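This report walks through one protein model, part by part. Look at the strands before reading on.

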Amino acid sequence: MSELLAPEGAPGDPLPFEQLPAEVRPGTPLDVTFAALPAHPSNRLCIERISNGRIQQPVQAWPIGVDAATGTQRFRTRLPAVAAGESVEFTPVLTRSGCVVAQLPSRAARGVPALAAPVEQEPERLLASAAPRYQWASEFLGAFTVQLAKPPESFGPVSDGLHIVFYIASGEIHGPRINAKIRGEGGDWMLVRHDGVGVADVRITYETDDGALLLSRYYGIFDLGPGGYERALRNEYDPVPPLVLAPQFVTSDPKWLWLTRLQCLAVGRVTMADLIVRFDLYAIRAGQPLPSSGLPRVDGVELIGDVH
């Protein structure tokens with residue numbers, strides 16, 4: 001027969017369920033731990049809730065390991081905050097393969113405003129945490145230019161907006177790190193939302209000067225401006241709307257595996273009269289914590305490109 005136990009907590013640990021107080025600070029979620037005995041990989045623990053006499057959505061607890069000394073299986077969850085004046089009854093129920101195995105005695109908690117903690121200096125702490133904490137670098141990889149096929153294919157309007165497919169006719173990229181032609185099999189399967197923002201969904205194949213094939217996949221924002229959705233329905237656009245993308249690369253060529261480890265950023269514009277896409281491609285890398293952050297330095301970090 002299985003049973004539920006409430007584990008003993010150490011200072012700084014989440015609160016053992018058996019120690020849940022009858023009065024709690026309103027508006028503050030509660031980190032709580034439980035344990036099931038004996039442990040089983042199929043054990044599932046849910047905490048049923050009744051708030052002021054009304055049944056609420058149960059809360060799932062997640063396994064966090066097995067205590068080697070006792071053989072108990074530990075669970076942890078964050079109970080939703082109790083509102084001021086609200087009384088909530090919590091009942092943990094252990095199930096296995098859909099069957100109830102055990103039930104821990106219920107505990108009730110009431111939100112008491114008088115227990116609210118003072119908030120002196122909290123705004124200063126939040127402002128400090130909002131400051132930048134890390135260096136980063138941008139390395140220019142190449143200048144990308146593509147001629148899109150005319151005309152694009154338009155599907156819509158439909159429930160989620162206007163779908164437009166821009167197929168690639170030809171293109172190339174030239175720069176200090178990438179020199180390649182853009183093959184014509186790719187394109188952008190774009191959704192123009194009702195707010196006039198185009199969400200790019202692009203697949204492109206690069207054929208490098210040394211014969212490697214690179215698959216590029218990325219999403220991004222193509223801002224068509226105020227009224228852009230309605231104008232797109234009429235095939236009308238701003239002359240050179242901005243384009244910001246987040247490319248990633250896939251290849252099996254050993255000479256280009258370094259590129260598959262990068263998150264890239266592409267910034268440029270599209271000349272709509274000619275359907276020419278131009279963007280500059282950068283590699284983005286994270287660096288050391290800034291001295292003002294108070295965080296320890298990281299070994300082996302060497303930034304390439306322009307450090308910010």
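## Strand S8 and its partners

Leucine 45 has leucine 94 as its bridge partner in S8. The two strands concerned, S5 (residues 43-51) and S8, pair in the antiparallel sense over nine bridges. Strands count as paired if DSSP finds at least two bridges between them. Strands themselves are DSSP runs (E, at least two residues), as helices are (H or I, at least four), numbered from the N terminus. This is a predicted model: local features need pLDDT of at least 70, side-chain atom pairs count only at pLDDT 80 or more, and totals for chains, interfaces and linings use all residues. Residues are numbered from 1 along each chain as its sequence is written, and side-chain values use heavy atoms, with hydrogens and water left out.

S8 also runs antiparallel to strand S10 (residues 107-111), with four bridges. Here serine 87 stands opposite arginine 110. Four bridges join S8 to strand S9 (residues 99-103), again antiparallel. Arginine 96 faces cysteine 99 of S9. S8 and S9 form a hairpin with two residues between them. In that turn, serine 97 has a positive phi of about 55°. Strand S8 (residues 87-96) has seven of its ten residues buried, so it is largely enclosed by the rest of the structure. Buried means under 20% relative accessible area, exposed over 50%, and partly exposed in between (1.4 Å probe, protein chains only).

The largest nonpolar core has 40 residues. Phe144, Tyr206, Phe279 and Leu281 have the most contacts inside it. Strand S13 (residues 161-174) gives the most to this core: five residues. Such a core is a set of buried Ala, Val, Leu, Ile, Met, Phe, Trp, Tyr and Cys residues joined through side-chain atoms within 4.5 Å.

What does tyrosine 206 touch, leaving aside its neighbours within four places in sequence? Its contacts include Phe144, Ile173, Ala180, Leu213 and Phe249. Contact means heavy atoms within 4.5 Å.

## The cavity

One cavity of 30 Å³ or more is counted. The largest cavity has a volume of about 190 Å³. Of its 19 lining residues, the closest to its centre are Leu148, Asp188, Val202, Leu243 and Val277. The lining divides into 17 nonpolar residues, one polar and one charged.

A cavity is a set of points on a 1 Å grid over the protein atoms alone where a 1.4 Å probe fits but cannot get out, and lining residues have an atom within 4 Å of a point. Grid points are joined across faces, edges and corners, and the volume is the space filled by probe spheres set on the points. Ala, Val, Leu, Ile, Met, Phe, Trp, Tyr, Cys and Pro count as nonpolar, Asp, Glu, Lys and Arg as charged, and the others, Gly among them, as polar.

## Backbone details

Lysine 150 and proline 151 are joined by a cis peptide bond, with omega about -10°. Proline 151 is in the loop between S11 and strand S12 (153-158). The bond from glycine 156 to proline 157 is also cis, with omega near 5°. Proline 157 sits in strand S12.

Asparagine 235 is not a glycine, yet has a positive phi of about 60°. Asparagine 235 is exposed, at 55% relative accessible area. Leucine 275 has a positive phi of about 55°. Leucine 275 is buried, at 8%, in the loop between S19 and S20.

Technical notes: On a 1 Å grid over the protein atoms alone, a cavity is a set of points where a 1.4 Å probe fits but cannot get out, and a pocket is an open set with protein on both sides within 12 Å along at least five of seven lines; lining residues have an atom within 4 Å of a point.
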